[in-house]
Amino acid sequence: MKAVVLAGGFGTRIKPLTYSLPKPMLPLAGKPILEHVVDVLKNHGITDLIFLLYFQPEVIKNYFGDGSAFGVKISYTIPLEDYGTAGAVKFGSEHLKGDEPFLITSGDLLTDVDLGTLIDFHKNRGAMVTIGLTSVTDPLQFGIVITDNDGRVVKFLEKPGWGEVFSDSVNAGIYVMDPAVFDFIPGKQPFDFSHDLFPRLLSDGKPIFGFSLRGYWRDVGDATSYLQANMDILAGRVGVRGSGKRLDIVGKDIWLGNNVDIAPDVELQGTVIIGEGVKIRGKAQIRDSIIGDRSVVLKNSKIINSILWNDTYIDENSNIEGSVICSNVKIGKEVHIEPGVVVSENCSIDNGAVIKEGVKIWPSKEVESGAIVSSNVIWGERWRRSLFEESKVTGLSNFELTPEFAAKLGAAFASFLPRGSSVLMGRDTYRAPRMIKRAFVAGVLSAGVNVKDLKAIPIPILRYKLQTFGEVGGVYFRYSIENPEVTEILFYDSNGFETSVSFEKSFERIFQREDFRRVSEGAVGRISDLSGIVDFYREGFINAIKRESIKEKKFRIVVDFSFGSSSEYFSSILSELGCEVISLNAYAVEHGNGVDADRALELLSKIVKATDARAGFWLDPWAERLYLVDEAGRIYKDMDSLFLLFHLILKAENSGVIAFPLFVPSHVEKAARENGFSIKRTKNSVRTLSESVRDRDVKVVCFPDGRFIFTEFQIAYDGMFALAKTLELMARLDVKLSEVSKGIPQVNFLHTTVPCAWESKGVVMRKASQEALGKNATFLDGVKISFNGSWILIFPDQYRSIVHLYTEAKSEKEASLLISEYKEKIENWVKG
């Protein structure tokens, strides 16, 4: 008798295990499922096999060849299209000539049933088709077959409800058929056994029978079933044989491949199959698991009820339980993988990561150190614990942030917004952000939301427009100043604020569940341009500045536009203010190495001195951040730029509230009090600081990376307006920047970071709180402990595996000693 093996399915339900392998080639106990099928057929004397292939046929053909190495003869048929199960068999019927019945079986079943009794039953009943039946506990996911007392099929139920389940006998995917059946199967068109052929035979009164198979049977249909199939082999529930040779050890069932290297103090418990060339180091524990060829398990790691494919690497002190780890996966130290996890091939799980129960990680992904992964990782290449990092999504352009990812992201974003509403979108001039934006726009339109496209525009202009009516949000696409290969997608609400944490969490739920709103053709969103927005911004800008004061001074200034689009719009505003502008890098570029701010500032300093300019200004490519250079060429960036502009404001204005993050030196309180101002402290994030403008008393917001908000104009960080405001204050006071700088006292302020795994951050905060007991301490954001004129702030980073340490002291030496002391304490706390 010949057998037809159906091995062409896509394995969609079992992904990501089948990402690069056809499902019949998934390893069970070190051998492909299909090899186990071949073994069962051979054991029943069936050695003339026809493999019907479709998806990735070369993988199967390369492994089995002509079948001689496996004691059988194999012929191959590859249909030109997906003809369904019956249609594929009809396509390969040239191999089934004659009057003899033939057997059909699925190539992705694990079974040890007695095929001989099935064949005998078929012949004895004179059947055209005999369907192998098996009993299952949950028949709803299978087609139920109801037979009479003689075994003749009387009814089929596809996808029944529980009220229709009068039998637990389901189609086992194993059939015996006579060649006459081909008369009922049309050629070269989709035709299925269960949906098409069997109902036709039943309605035509043809002899179609069902036979209850005896033995083990499992449909390896999804990842859970795949893991259980392996566990059943290890437990001896199915009469198939895995790879390797069995050791003769009483009380243990250990199977070893060739050239294994296992330390003498390794614990092997239960049934363990270890492939060829495996290395297992001291005090590792392997229980009821399968370790694939050439894999490495280092000391003190535990592998329990799990399947490791070939070439996996498990570093020290990691725990894996009830999971499947595919080929070429590297797992770092102290990683914890909970039951039900699937890690597909070519992934890297860094030190200290936790993969929560049931998570599936698609191929070629990286999970960062200390990450806690609680939902499937399908898109992109890296898991960063959350999709957002303070109102933005970032990723390596065209690898992590792909067009597919961006379209999905856009659909998720728009699904959160009212149908028919509009959002603003802008970008910088680089090609990759423009590409990602276009894909994102497609996703937004698909959910019925309109897009007002500002094209290449500085961020402050987009956010200024959001402060008016008409749009429910805004999105901006730019390259990262830290790495131009990375694209950042920034999200803003209808008022121009960075999006809230609650919005981000809701967004992520929609994104991860792929619960996207889809609309009909007539409801798809529209793309439109927004004319006049630059004039609108310019008008508000000029009205908010005391331009006459600036005009009178006729400042000569040098401005580095950093190849950003602000050069196209801001130059004319500066001309309107009467400034003589020497422009640097005042043209847009589509790609490159980004901007080196330090190098640009050094050049800016030289040009300011060489041209006898009154001041120099560096704008980032998106016109949010501003650094300054005084007439003598001294550079002011980060905290220095904050202090300079702060003291300029104190000298020129009478009173007001200025907002700073908690870690800015307490010098600002003293200086503010002396000049009639007050200080509002916020948490340390840029987003929380910018939200302080909701307090109408706040006039200025300062973050020590060159970002400033002047609320008299708008509620967003705006480097262009900060530049003009600096000129206004200089003009009103008739001072040079160097003169303002001389009045700033020395501040002994230091900042450093300490590496800290995510799971240790709680320990650090608990220890820091204990450290603060009995001391003058505050807990607004982190733990800030004050001493006699000095303080230390311990602040875990929200997005990275580090803890920040900030300190201010009476002297530079004292600040250095204080930060060294607490750095050592935190390192000890982390070590435990």
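Strand β15 (residues 253-256) pairs with strand β17 (residues 267-274) in the parallel sense over four bridges; two strands are taken to pair if DSSP finds at least two bridges between them. Helices (H or I, at least four residues) and strands (E, at least two) are DSSP runs, numbered from the N terminus. Within this pairing, Trp255 has Ile273 of β17 as its bridge partner. Strand β17 also pairs in the parallel sense with strand β19 (residues 285-291), over six bridges, and there Val272 stands opposite Ser289.

The model is predicted: local features need pLDDT of at least 70, side-chain atom pairs count only at pLDDT 80 or more, and totals for chains, interfaces and linings use all residues. Residues are numbered from 1 along each chain as its sequence is written, and side-chain values use heavy atoms, with hydrogens and water left out.

An open sheet of six strands has the order β35-β39-β38-β36-β37-β40, with mixed pairing. Its edge strands, each pairing on one side only, are β35 (392-396) and β40 (527-529). From one strand to the next the twist averages 20 degrees. Strands β35 and β39 (residues 486-493) are antiparallel and share five bridges, with Leu396 opposite Val486 in β39. Helix α7 (residues 403-415) packs on the sheet and touches β35, β36 (422-427), β38 (473-479) and β39; its direction makes about 5 degrees with that of β39. Axes are lines fitted to C-alpha atoms, for helices over the stretch in contact, and angles run from 0 to 180 degrees between N-to-C directions.

Ser415 lies in helix α7 and is buried, with a relative accessible area of 15%; buried means under 20%, exposed over 50% and partly exposed in between (1.4 Å probe, protein chains only). A polar atom of the Ser415 side chain lies 2.6 Å from the backbone oxygen of Ala411, and a polar atom of that side chain lies 2.8 Å from the backbone nitrogen of Arg517. Beyond neighbours within four places in sequence, Ser415 is in contact (heavy atoms within 4.5 Å) with Ala447, Ile510, Asp515, Phe516 and Arg517.

The largest nonpolar core contains 104 residues, of which Phe541, Ile557, Phe570, Ile658, Leu723 and Leu727 touch the most other members. Such a core is a set of buried Ala, Val, Leu, Ile, Met, Phe, Trp, Tyr and Cys residues joined through side-chain atoms within 4.5 Å. Helix α15 (residues 639-652) supplies the largest share of this core, ten residues. A second, separate core of 38 residues includes Leu49, Val113, Leu118 and Phe142.

Key:
A polar contact is a pair of N or O atoms within 3.5 Å; within protein, one must be able to donate a hydrogen and the other to accept it, and residues adjacent in sequence count only if both atoms are side-chain atoms.
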